[in-house]
Amino acid sequence: ALVSMRQLLDHAAENSYGLPAFNVNNLEQMRAIMEAADEVNAPVIVQASAGARKYAGAPFLRHLILAATEEFPHIPVVMHQDHGASPEVCQRSIQLGFSSVMMDGSLLSDAKTPATYEYNVDVTRKTVYMAHACGVSVEGEIGCLGNLETGEAGEEDGVGAAGKLSHEQMLTSVDEAARFVQDTGVDALAIAIGTSHGAYKFTRKPTGDVLRIDRIREIHERLPNTHLVMHGSSSVPQEWLQVINEYGGNIPETYGVPVEEIVEGIKYGVRKVNIDTDLRLASTGAIRRFLATHPAEFDPRKYFTETIKAMKQICIDRYVAFGAAGHA
Ligand code: G3H
Ligand code: 13P
Ligand code: NA
Ligand code: ZN
């Protein structure tokens, strides 16, 4: 059944677990996520970005997600709009039947330029007013995602700030987070604590202190009833990078957020963990390997089946690691 995000995150908070929120663009991702959730009995958050809506078309995405609730009626599913650039975009998604929306007012509507606090409050408050009238949950964001050491925001073509960011901009302040929740009434709050979007998060192997878990903890202490969200939380599996590069790809050395650090964050109030890149890497690796080793094969179902298997395993791993298994 389709449920609001508030319902799932409240349950996650009561039972001290976190939920991966996977981006969905196509049938294969949807199947991988649902088959994994079904196997470990986990609740599901799927999210559609602006890029996904452009690729598949909003009605196709909507029906893909509704189809999931029809085939797996026992699994609660949140249909979430990822990174809305304006209240108008969120309104359109609410109209389409999304049960949750993100108003990302940390950046202006170009999804690149860092916004002022006042702008962020204005667009987020408008969205909360509209969404709550419709029983739809709202995620807001305070602070801009970026690598705290280099100031790089990550992600060239999707969501990401233009140019270098200051340390200030990239680390959500406790006071500002508290004020923002008070001023807007959001259900969930995305915070910046050192993660960034895309595959190129860290150039060196993370040593176990890449994220500001201490800051997550401080924000959670101040806002115990606000569900915290971590964007840019792909772990960038080294084994899939290796497969990609072994079968014709060319991806330079890069590292993601270690699963153990995410699990630390979950101890201190992180309830939603956004993952897109990991499923992209797994499906690309699976396709490259299959086509390279089956040169005469041309039935797309053959290689897409490989992508489902690859993505499904990642989904299962995250459901289990974040403690969501068994909670559907
Ligand atoms: O937040 C970024 C997500 O990975 C979505 O990326 O806009 O390319 O679909 P996208
Ligand atoms: P990744 O690029 O780390 O998968 O993050 C996805 C995300 O935050 C979507 O909103
Ligand atoms: Na989101
Ligand atoms: Zn994001």
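Trainee: What should I know about the model and its numbering?

Mentor: The model is predicted, so local features need pLDDT of at least 70 and side-chain atom pairs count only at pLDDT 80 or more, while totals for chains, interfaces and linings use all residues. Residues are numbered from 1 along each chain as its sequence is written, and chains are lettered from A and ligands numbered from 1 in the order in which they are written.

Trainee: Which residues surround ligand 1?

Mentor: A residue is near a molecule if its C-beta atom, placed from the backbone, lies within 6 Å of it. Around ligand 1 these are N23, S49, A50, G51, A52, D82, H83, G158, V159, H197 and D276.

Trainee: How does the shell around ligand 1 divide by class?

Mentor: Ala, Val, Leu, Ile, Met, Phe, Trp, Tyr, Cys and Pro count as nonpolar, Asp, Glu, Lys and Arg as charged, and the others, Gly among them, as polar. For ligand 1 there are three nonpolar, six polar and two charged residues.

Trainee: How many residues surround ligand 2?

Mentor: There are 13, and the closest are H231, S234, N274, D276 and T277. Strand 3 and strand 8 (270-275) each give two or more residues to this shell. By class, the shell around ligand 2 has one nonpolar, 10 polar and two charged residues.

Trainee: At what angle do helix 5 and helix 6 pack?

Mentor: Axes are lines fitted to C-alpha atoms, for helices over the stretch in contact, and angles run from 0 to 180 degrees between N-to-C directions. Helix 5 (residues 87-96) and helix 6 (residues 117-133) pack at about 20°, with axes 9 Å apart. Angles under 35 degrees count as roughly parallel, so helix 5 and helix 6 are roughly parallel to each other.

Trainee: Is H83 buried or exposed?

Mentor: A residue is buried if 20 or more other C-beta atoms, placed from the backbone, lie within 10 Å of its own, and exposed if 12 or fewer. H83 counts as buried because it has 26 C-beta neighbours inside 10 Å. H83 lies in strand 3.

Trainee: What is phi of H83 near?

Mentor: Most residues other than glycine have a negative phi. Phi of H83 is near 40°, a positive value.

Terms used. Helix = DSSP H or I, 4+ residues; strand = E, 2+ residues; numbered from the N terminus. Parallel < 35°, antiparallel > 145°, perpendicular 65-115°, else oblique.
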